[in-house]
Amino acid sequence: MIEILVGSLIGVFGFTEAVETKPQQQGTVNITQALNGTVPVRESVVLEPMSQLQFRNVIRQAYDYSCGSAALTTLLDYYLGRNLEERQVMEGLLRFGEAEKIVERRGFSLLDMKRFVAALGYESGGFRADFSDLDALEHPAIVPIEYAGFKHFVVVRDVYNDHVFVADPALGNISFTRTRFEEIWDQNVLFAIFPGGQAPRNALQLTERDLRLVDDRTVSLLAFREFPEIAKFTSEQATELGSGGDIQYIRRK
């Protein structure tokens, strides 16, 4: 019996020495299939979890009131190539924005964003626009939307085939039909950051995997499933400030 056990151990040791065995990458699935009646072929395929695909190149908001900072971090990181965390952006917005008002309304405004990105060396602006302006944009922009009873900031990645693809800090990569987006686009406001002379990274560009449309009922279901507290939010309004077209996003009392 001992001889058999020792022989088995030697055999296993010899196999592991002859064949390099490494831990498989997370998400690896081994598939064995026979091709045209030949010897079965075994191959490994790496599957990416749907949750990772959903939030690819999107900063997920850490708090129910931080969609503005998460949307801005998404734009700075994946469009302009900065390597920032939402916490850092929140600290910057508090430092360069109107801190007392931010605390009072528990949220950031586009004016706060404008001041912070100016401190980073970028020009930016808030504008009122038509859908044709949004369609003609060659870069992503932050827009406020009013959806399912709450106000929210998202990043419009692009418009394709009458669908608006957005990076949503709460729901990830989703899309709306043009008709539906025009219904929820809050006062047709958009906030753009201009990269200047440096070519942007723009990892927010659409790819083939993005061209999957999500119907509004699914988006609404996900919104209330993951963030039921948003239904309790009070209403907000967009107010134009000054002749420069800066937009402040505030909460009514």
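Me: In α4, which residues are buried, and what makes a residue count as buried?

Reply: The buried residues of α4 are E86, V89, M90, G92 and L93. Buried means under 20% relative accessible area; over 50% is exposed, and anything in between is partly exposed (1.4 Å probe, protein chains only).

Me: Why are these residues said to be on the same side of α4?

Reply: They cover an arc of only 160° around the axis, so they share one side of α4. The arc is taken over the directions from the helix axis to the C-beta atoms. The cover over the buried residues of α4 includes α3, α5 (99-105) and α6. Contact means heavy atoms within 4.5 Å.

Me: What sort of model is this, and which conventions apply?

Reply: This is a predicted model; local features need pLDDT of at least 70, side-chain atom pairs count only at pLDDT 80 or more, and totals for chains, interfaces and linings use all residues. Residues are numbered from 1 along each chain as its sequence is written, and side-chain values use heavy atoms, with hydrogens and water left out.

Me: How confident is the prediction, and where is confidence highest and lowest?

Reply: pLDDT is the predictor's confidence in each residue, from 0 to 100. The protein's mean is 76, and 63% of its residues reach 70 or more. Strand β9 (residues 236-241) is lowest, at a mean of 37, and helix α3 (residues 67-78) is highest, at 96.

Me: What makes α3 a helix here, and how does its span compare with the expected one?

Reply: Helices are DSSP runs of H or I with at least four residues, strands are runs of E with at least two, and both are numbered from the N terminus. α3 has twelve residues. Its expected span is 1.5 Å times one less than its number of residues. That gives 16 Å, and α3 reaches 16 Å from its first C-alpha to its last.

Me: Why is α3 called largely enclosed?

Reply: Twelve of its twelve residues are buried, so the rest of the structure largely encloses α3. Its cover includes α4 (86-96), α6 (110-119), β4 (141-147), β5 (150-160), β6 (163-168) and β8 (189-194).

Me: What makes a set of residues a nonpolar core?

Reply: Its members are buried Ala, Val, Leu, Ile, Met, Phe, Trp, Tyr and Cys residues joined through side-chain atoms within 4.5 Å. The largest has 31 residues; L72, L76, M113, I142 and I193 touch the most other members. α3 gives the most, seven residues. A second, separate core of 22 residues includes I145, F181, W185 and A192.

Me: What about R157: buried or exposed?

Reply: R157, also in β5, has a relative accessible area of 10%, so it is buried. Its side chain reaches the backbone oxygen of L204 at 2.9 Å. The backbone oxygen of Q205 lies 3.1 Å from a polar atom of that side chain.

Note on methods. Polar contact = N/O pair within 3.5 Å; in protein donor to acceptor, adjacent residues only side chain to side chain.
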